[in-house]
Amino acid sequence: MHELSLAIEIVEIAQAEARRHGNGRLLAVHLRLGPLAGVVEEALAAAFPLAAQGTEVEGAELVIERVPLVVYCPSCRAERELGAEVWLVCPVCQTPTPEVRQGRELEVTALELER
Ligand SMILES: [Zn+2]
């Protein structure tokens, strides 16, 4: 399962970061997730506790921040935010645009440690 290997990767990042910041218990891992990251959020959320089992990350909460899909419209010369659209067209002038500016994110942004 794709999401399980991602969850393991996230756990490894969180572990390494937590060690750099002392030995406090890890309470939460914050993640930015774009709609084009190719990840099923529910599957990732379900895989995370499995990946964390037996590590220092066990028991920590995975907090997923959904990043909107942002494209650049060459007609408006502006960045436009898309909803759940499948077609990449500017929502203002309908110009098709392949230029995705934001939406592929999959990154750990913050950790919460017990002090
Ligand atoms: Zn436009």
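Predicted model: local features only at pLDDT ≥ 70, side-chain atom pairs only at ≥ 80, totals over all residues.
A residue counts as exposed when its relative accessible area is over 50%, as buried when that area is under 20%, and as partly exposed in between. By this rule Arg-77, with a relative accessible area of 68%, is exposed.

- The zinc ion takes its protein donors from the SG atoms of Cys-73, Cys-76, Cys-90 and Cys-93, which lie 2.3 to 2.4 Å from the metal.
- Because the angles subtended by the 4 donor atoms around the zinc ion run from 101 to 116°, the arrangement is tetrahedral, a class that requires all angles to lie between 85 and 135 degrees.
- Along the sequence, the donor residues follow the spacing C-x2-C-x13-C-x2-C.

**Positive phi values in loops**
- Arg-77 is not a glycine, yet its phi is positive, near 55°; the residue is placed in the loop that runs between strand 3 (69-73) and strand 4 (78-82).
- Gln-94, likewise a residue other than glycine, has a positive phi of about 70°, and it belongs to the loop between strand 4 and strand 5 (100-102).

Conventions. Residues numbered from 1 in each chain as written. Heavy atoms only, no water. Donors = N, O, S within 2.8 Å, 3.2 Å for Na, K, Ca; no water. Tetrahedral: all angles 85-135°; square planar, octahedral: opposite > 155°, others 65-115°. Helix = DSSP H or I, 4+ residues; strand = E, 2+ residues; numbered from the N terminus. Buried < 20%, exposed > 50% of the residue type's maximum accessible area, 1.4 Å probe, protein only.
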